[in-house]
Number of protein chains: 2
Amino acid sequence: MNQSALARSWVEHANGHGDFPLQNLPLGIFSRKDQAPRCGVAIGDAILDLEAVLAAGLFDGQARAAVEATRGGALNAFFALGRSARVALRERLLELLGEHSEYQAALKPLLYPASECQLHLPARIGDYTDFYVGIEHAKNVGKLFRPDNPLLPNYKHVPIGYHGRASTIRPSGTDVRRPKGQTLPAGQSEPSFGPCARLDYELELGIWIGQGNDMGDSIPVAEAAEHIAGFCLLNDWSARDIQAWEYQPLGPFLSKSFISTISPWVVTAEALEPFRCAQPARPEGDPQPLPYLLDKRDQANGAFDIELEVLLLTERMREQKLPAHRLTLSNTLSMYWTVAQMVAHHSVNGCQLQPGDLFGSGTLSGAQPGQFGSLLEITQGGKEPVELASGEVRKFLEDGDEIILRARCKRDGVASIGFGECRGKILAAH
Amino acid sequence: MNQSALARSWVEHANGHGDFPLQNLPLGIFSRKDQAPRCGVAIGDAILDLEAVLAAGLFDGQARAAVEATRGGALNAFFALGRSARVALRERLLELLGEHSEYQAALKPLLYPASECQLHLPARIGDYTDFYVGIEHAKNVGKLFRPDNPLLPNYKHVPIGYHGRASTIRPSGTDVRRPKGQTLPAGQSEPSFGPCARLDYELELGIWIGQGNDMGDSIPVAEAAEHIAGFCLLNDWSARDIQAWEYQPLGPFLSKSFISTISPWVVTAEALEPFRCAQPARPEGDPQPLPYLLDKRDQANGAFDIELEVLLLTERMREQKLPAHRLTLSNTLSMYWTVAQMVAHHSVNGCQLQPGDLFGSGTLSGAQPGQFGSLLEITQGGKEPVELASGEVRKFLEDGDEIILRARCKRDGVASIGFGECRGKILAAH
């Protein structure tokens, strides 16, 4: 990287910005008024219109090819270009937006307040896979069902994952219609039909796939990081009562497919580079991963230290102008498998990954109260309600509740970066 | 329908054709030599180039709009038009290809031998959902694991389904690379990695979604048939050893995602109309479906009587010029839920279905030996090998083995129709 870890931008509100200082430069698809969606980069509270910067002739070579690939309102073709084009674009953006930029006058008119823009899904999502790599979540949920044996025998060998529904992934800000479905009420032997009564959130990291692989080929773990385009936050909204009744024997289905919400900015691997760290040591006695999952560089540098937060804002809290209630403070260090291991595992059978595929990490809980990434864990399946400053209590989510996910990367001597919000409000069932 | 159920075509080889007589008229995407893929209709052993027929000015009104929507080498936009455009196209094709057609001279040059054409996937598949509605298969498999209680408590209430992998669905004729993966060898406590040793097929009906629904809305069961564009055969290749180790708690993943094969012709709901029948009566004591799954017309006419067949051809059988060995003779009447019930269930939570989504029925086995839709069932998990005329035996599939699915609809007084083949040959693991 040719930028200082503390370099400043001439876009003043970017300096010290909680999410989008000069060091982040996440890409997304935005639109203004009646404009067609196009690629932009977040800088402070503004969005720089990259198509307009391209039209102004300020990109050359690989950076130019990168922005050309964003045309059409989706980043898939850009993701397909891989790391070198992405790095070239980043380096050019650091020049253009850095405090010594000679292009300030040219760029100022191409910078729009984010509050005046609408953010869209950054890519057409081909396939969406949800993993289960948050080991504390797996233990917490396992304990509710199997107190003596919370983790299944395969957990420490297999990066467990399953296919999710791609058609209902939506960007932050999309309302969440409470789903209806079949549930088996406690003590009954026949199911009932009606609105979900145990609506929950799940705090996850989202991973965007860059370059793909041909069907029949595999991506070795040592090369897997090259196939990752970036990251986002993901709320895997879950209808716990529907899930409990439907999930045997083939896994969750309608309990998850009504909507999943993502933060719209693609935080690149380059922006997260300073926040990489060693994979947390496996506890004494844990098995070694099989060779196809094992790479020394990945073990030394394949994890991320990203602080994750979940906030709840109820209707009454909004009326009383109370601050949002923090439900979860967690971290991506609770991932038992790295994102490279997830890519290697997913493709080891020859499954084709494609640019714009999305992975979810699975719920990322810590081991302690206050760190749990879902209400299922926090309330112990609805037995221990959360008390709010508004005088309300919550076992699960109610209509009007809003859930906000945030993420923050911090390290001494380096500018902090964040992911922006992943937000959704519950609407009453139809 | 304005055609007689026994009407003949001037395309002589279509009359009495096992799959594609005048009454079928399935649509697909084909290409010749270096031509771009385009829409065609199968008639006997030939394919009529619908884009060329359009260019010749032989379509008008809704039929014209239907063919225009097939441009670009995928049927998604055509599927989105729904039933009336599809029926208009069918009626015009019955005129053009019927024995009294005045357009024979104009059409003959636009008719190509199918053997000279390549068939492609008929649509871009957004999401692929695999159901589990073959109740005899569910019982047969359940018995292997739970002899006293083969069906789980939700089976007769919920049309069980799960999300599958869309990126690796391929048309008939695509080779199947034996997948590698983790398995837990019998008697071991640590998994091994290597080529799948228990490779299997699964005989399924595929269902193409036509018009979709908005996220948050549901498709009532009484309207669900309107949202189905057509049908195909689907081989849900399965790696049983990988599946057994990975599938807890979230369902099958890499054991299925290496490839799924479909027959490339979309057999329309109109072609299958004469083969509709009442949903088989639920056995005494089975629960009534919940109201959102219940429609009188669907119960009276929502099932299909389609005979399904699976053939095995080994390398040695090809060398010895032996005929293929029939592994399975089954029928879609073993479906416990109708396709309308599958659509209604899938969307009842507000999940968005989109034109070109694909459903699999799940394996369609009968209750008797000879009717089992997978080797897992036929060989009782590998315990009772199949003996072949070549002197070989099979517990599971070996390299060089070819599996061929076929389907046939027969009724007195009506021309039989078929689906064409769904074929795939196993290649050795990389």
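Modeller: Copies are superposed by least squares on the C-alpha atoms of residues with pLDDT of at least 70 in both. This is a predicted model, in which local features need pLDDT of at least 70 and side-chain atom pairs count only at pLDDT 80 or more, while totals for chains, interfaces and linings use all residues. Residues are numbered from 1 along each chain as its sequence is written, chains are lettered from A and ligands numbered from 1 in the order in which they are written, and side-chain values use heavy atoms, with hydrogens and water left out.

Colleague: What rotation and shift superpose chain A on chain B?

Modeller: Chain A is brought onto chain B by a rotation of 180° with 0.0 Å of shift along its axis, and the RMSD is 0.0 Å. The two copies are thus related as by a two-fold rotation axis.

Colleague: How do you know that the copies meet through the same surface?

Modeller: Of the interface residues of chain A, 100% are also interface residues in chain B, so the surface is the same for the copies.

Colleague: Why is A:His137 counted as buried?

Modeller: Buried means under 20% relative accessible area, exposed means over 50%, and partly exposed lies in between (1.4 Å probe, protein chains only). The relative accessibility of A:His137 is 4%, so this residue counts as buried. A:His137 belongs to helix 6 (residues 135-145) of chain A; helices (H or I, at least four residues) and strands (E, at least two) are DSSP runs, numbered from the N terminus. UniProt, in an unreviewed entry, lists A:His137 under "active site"; such positions are given in the numbering used here, feature names are shortened, and annotations may be inferred rather than shown by experiment.

Colleague: Which residues is A:His137 in contact with, leaving aside its neighbours within four places in sequence?

Modeller: Contact means heavy atoms within 4.5 Å. With those neighbours left aside, A:His137 is in contact with A:Tyr132, A:Glu202, A:Thr363, A:Ser365, A:Ser374 and A:Glu377. Two of these, A:Tyr132 and A:Thr363, are among the residues that the unreviewed UniProt entry annotates as "binding site".

Colleague: Is A:Tyr132 buried or exposed?

Modeller: A:Tyr132 has a relative accessibility of 15%, so it counts as buried. A:Tyr132 lies in the loop between strand 6 and helix 6 of chain A. Not counting residues up to four places away in sequence, its contacts include A:Tyr155, A:Gly362, B:Pro249 and B:Leu250.

Colleague: What makes the pair A:Gln243 and A:Arg240 a polar contact?

Modeller: A polar contact is a pair of N or O atoms within 3.5 Å; within protein, one must be able to donate a hydrogen and the other to accept it, and residues adjacent in sequence count only if both atoms are side-chain atoms. The side chains of A:Gln243 and A:Arg240 make such a contact at 3.1 Å, so the distance meets the limit. A:Gln243 is in helix 7 (residues 240-246) of chain A, and its relative accessible area of 16% makes it buried. The "binding site" annotation of the unreviewed UniProt entry also covers A:Gln243.

Colleague: Which side chain makes a polar contact with that of B:Asp286?

Modeller: It is the side chain of B:Lys156, at 2.7 Å. B:Asp286 is in the loop between strand 18 (276-277) and helix 9 (296-301) of chain B. The relative accessible area of B:Asp286 is 16%, so this residue is buried.

Colleague: Why is helix 11 of chain A described as largely enclosed?

Modeller: In helix 11 (residues 339-347) of chain A, nine of the nine residues are buried, so the rest of the structure largely encloses this helix. These buried residues pack against several elements of chain A, including strand 6 (128-131), strand 13 (203-209) and helix 9 (296-301).

Colleague: How do you know that the buried residues of helix 2 of chain A lie on the same side?

Modeller: The buried residues of helix 2 (residues 61-68) of chain A are A:Ala63, A:Ala66 and A:Val67. They cover an arc of only 90° around the axis, which puts them on the same side of helix 2 of chain A; the arc is that of the directions from the helix axis to the C-beta atoms. An α-helix has 3.6 residues a turn, so residues three or four places apart point the same way. Helix 1 (50-55), helix 3 (76-81) and helix 4 (83-97) of chain A are among the elements that cover these residues.

Colleague: How many bridges join strand 25 to strand 26 of chain A?

Modeller: Three bridges join strand 25 (residues 402-411) to strand 26 of chain A, and the strands run antiparallel. Two strands pair if DSSP finds at least two bridges between them, so these two strands are paired.
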